[in-house]
Amino acid sequence: MNTPESGGEPTDGDVLDVASINVGADERRSRHRWSRRAVALTTSGLLLLVLMAVAALLPVPYVRLSPGPTFNTIGTHDGTPLIKISGTPTFDVSGSLDMTTVSELGGPGGGLTMGQALVAWVDNAAAVVPRELIFPDDTTPEQVAKDNEVAFSTSQSDAVGAALTYLDRPVDTVVTVASVAAESPADNRLKPGDRVVALDGEAVRTPADVGRIVRSGPVGRTVVFTVARDGSRIDVPVVTASSGDDPSQPYVGVSVGTLYVAPFTIDFTLSDVGGPSAGLMFSLGIIDKLTPGQLNGGRDVAGTGTIAPNGAVGPIGGIRQKLVGARSAGAQLFLAPAANCAEVVGHVPDGLTVVGVKDLAAAVDALKAWTTGSTPLPGCG
């Protein structure tokens, strides 16, 4: 029999299924098109995932604020009392008077990625704010660390002054070096914490005395600082230079402040924490240890706020994050600066009572009212 393959003509018994051939070709073309489309979609999807992953890792000019750890000012940290008092009678304490903190990510050193910012935006316990609202553009990580260290040290000194003033107990004042500007005449000569006893033999009693004596002579003269450092008294000569703002004005590059010192020993052992917002809770911790009874009734209390030597309580940042951190640590009462109360409304965690206080006396009164139930507590949210 002749077949097309043998070169003969097809006979009636040799029927070619042309329709089937066409359908098969169409199916092959369709499968090919779908195959190319699937490859394109898969490739596009992978590229999108890669781009999203890269974008998530890109740094953004924002700062994430989240609840930080709490520290019990009447308790211990790493096995050591956070506030150590010796040389005067102290009394038993229990429960907690927690200072609260905020964890920051994305400061002058960067570190906050877009992915982390997006996660924080949907986290009710966190906040994302533009970096420039917290840190000036020219701030360095080193400067932030130094400023926080100085503020923390100052808050401890002011807490001593406020607590002893509240208790009507004597407190001494000492002029101390708060900070030393880099590459200034005093750099590597004077140190933060140096207690300034005299300049050029003249006794120093107030911070204003330092500026007055430095400016009393010409630019380029040597001023001798007599300071107490590490238990010794030493003389430190510093040659004045021209101030950048006024070339005729002598300057040495130090800022000085007042250190409040008790007639007995009060040591603060907490390190690696910065800022001024622990002042109120430091003051309450000192008062609780120096007085009979328990300010907190043996229960768990937390709070925040700057403290002035006269007892005034000032506002702080990150109040909402501190509320969350306090409640997570078990606090039942939170003492907040009265000036922060507007930010508290609608953001108080369940089980936490928040009281706004304007000064140290109000904070002590609020604790008494809370522990005894004698009077209504002033609300704050």
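Does W121 count as buried, partly exposed or exposed, and at what relative accessibility? W121 counts as partly exposed, because its relative accessibility is 48%, where buried means under 20% relative accessible area, exposed over 50% and partly exposed in between (1.4 Å probe, protein chains only). The model is predicted: local features need pLDDT of at least 70, side-chain atom pairs count only at pLDDT 80 or more, and totals for chains, interfaces and linings use all residues. Residues are numbered from 1 along each chain as its sequence is written, and side-chain values use heavy atoms, with hydrogens and water left out.

**Overall make-up**
- The protein has eight helices and 20 strands, taken as DSSP runs numbered from the N terminus (helices H or I, at least four residues; strands E, at least two).
- Of the 381 residues in the protein, 38% are buried.
- The accessible surface is about 20200 Å², and carbon and sulfur atoms hold 54% of this area; the areas come from the Shrake-Rupley method with a 1.4 Å probe, and for residues only the protein chains shown count as cover.
- Among contacts (heavy atoms within 4.5 Å) between residues at least 6 apart in sequence, 71% join residues at least 24 apart.

- W121 is located in helix α2, residues 114-121.
- Together with M114, L118 and V122, W121 forms a nonpolar surface patch with about 430 Å² of accessible area.
- Patch residues have over 30% relative accessible area and no salt bridge; like charges are joined within 9 Å, and nonpolar side chains (Val, Leu, Ile, Met, Phe, Trp, Tyr) within 5 Å.
- A salt bridge is a side-chain nitrogen of Lys or Arg within 4 Å of a carboxyl oxygen of Asp or Glu.

**Helix α4**
- Helix α4 spans residues 207-214, and D209, V210, G211, I213 and V214 are buried there.
- The cover over these buried residues includes β7 (172-180), β8 (195-199), β9 (202-203), β10 (222-229), β13 (250-251) and β14 (254-261).

**Aromatic rings**
- The whole structure contains two aromatic pairs, meaning rings of Phe, Tyr and Trp (its six-membered ring) with centres within 6.5 Å; planes under 30 degrees apart count as stacked, over 60 as edge-to-face and the rest as tilted.
- The F268 and F282 pair is edge-to-face, because the ring centres are 4.9 Å apart and the planes stand at 65°.
- F268 belongs to strand β15 (residues 265-268) and F282 to helix α5 (residues 279-290), so the pair ties together parts 14 residues apart in sequence.
- F268 is buried at 18% relative accessible area, and F282 is buried at 0%.
- F152, F268 and F282 are linked by ring pairs into a cluster.

**Charge over a ring**
- The charged end of R299 sits over the ring of W370, 3.8 Å from the ring centre; the criterion is NZ of Lys or CZ of Arg within 6 Å of the ring centre and within 35 degrees of the ring normal.
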